[in-house]
Amino acid sequence: SFFRNAHFLPLFSESSFVKWPFQTAMTEPAKAPQQQPDVVRFTQILGHVATGNSAELPSEYRQCTSLAAAFDWELPLLVSRAPGRLDVMGGIADYSGSLVLQLPIAQACLAAVQGRSDTELYVCSPRMAADGAEPEFHTTLSQFMSEDGQVVSYAAAAAVFRQHTGCGWAAYALGCLVVLMRERGVRFSKGCSILLDSSIPVGKGVSSSAAVEVSTMVALRAAFSLAELTDEDVAVLCQKVENLVVGAPCGIMDQM
């Protein structure tokens, strides 16, 4: 039943290619999402988690003890993919709004998102276990709401992630919810579960963090029916995640 319920969003989301004309200059047709090697691998992993076949899981997945229970494997699951990028020209000039030229790379981040029936928020990145960090992060929507029902400040939201040693990476994904609430007035009555799987090298200047943000935001847009968000909106909002929740200064080229 899992394979019937896995819904794949467009493989190369326009949110990753806004204003990049060479997207249409590909020399061969793009493969369907399900045919991409990293998507095939991710689908197989999800199938193993869904069926409890832990022996076939990569070792880092076996350290995620809450993963199987965090999703309802009989309900639809949204999968989104965002590639890393290689700086061809312009680079850091993006900070000042200058024009730049960037090229998407084969390595990407995949995000699987599913709404929940409660107000819990769960995000899992097995790769973090391989890097020696905590691969799972749990919180609730109430952590991002004040007593009078208002969305907390960005500083307060950032503090939620800093309180948990080794879980700062979760801000890149769950920060998308905070930004949607603050910038677009979205109100979530239910929580969600998010699984991240990225092959993009970290700390090498190829936008590993932006790929997490964009893949998560695109999947959230579909999961919570936020059709009014354009692809350019997604990029702008993801930049705010990095600037205001994570606290990392950056231009918009990575998310765009």
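Two strands pair if DSSP finds at least two bridges between them, and strands (E, at least two residues) and helices (H or I, at least four) are DSSP runs numbered from the N terminus. This is a predicted model, in which local features need pLDDT of at least 70, side-chain atom pairs count only at pLDDT 80 or more, and totals for chains, interfaces and linings use all residues. Residues are numbered from 1 along each chain as its sequence is written, and side-chain values use heavy atoms, with hydrogens and water left out.

**Strands 4 and 5**

- Strand 4 (residues 120-124) and strand 5 run antiparallel and are joined by five bridges, and C124 has E136 in strand 5 as its bridge partner.
- T139, which lies in strand 5 (residues 136-140), counts as buried because its relative accessibility is 8%.
- Neighbours within four places in sequence aside, T139 is in contact (heavy atoms within 4.5 Å) with E120, L121, F144, V160 and L174.

**Helices 8 and 9**

- The axes of helix 8 (residues 208-223) and helix 9 (residues 231-246) come within 9 Å and cross at roughly 130°.
- The contact involves S209, A210, E213, V214, M217, V218 and R221 of helix 8, together with D231, V234, L237, C238, V241 and E242 of helix 9.
- By class, eight residues in the contact of helix 8 with helix 9 are nonpolar, one is polar and four are charged.

Technical notes: Axes are lines fitted to C-alpha atoms, for helices over the stretch in contact, and angles run from 0 to 180 degrees between N-to-C directions. Ala, Val, Leu, Ile, Met, Phe, Trp, Tyr, Cys and Pro count as nonpolar, Asp, Glu, Lys and Arg as charged, and the others, Gly among them, as polar. Buried means under 20% relative accessible area, exposed over 50%, partly exposed in between (1.4 Å probe, protein chains only).
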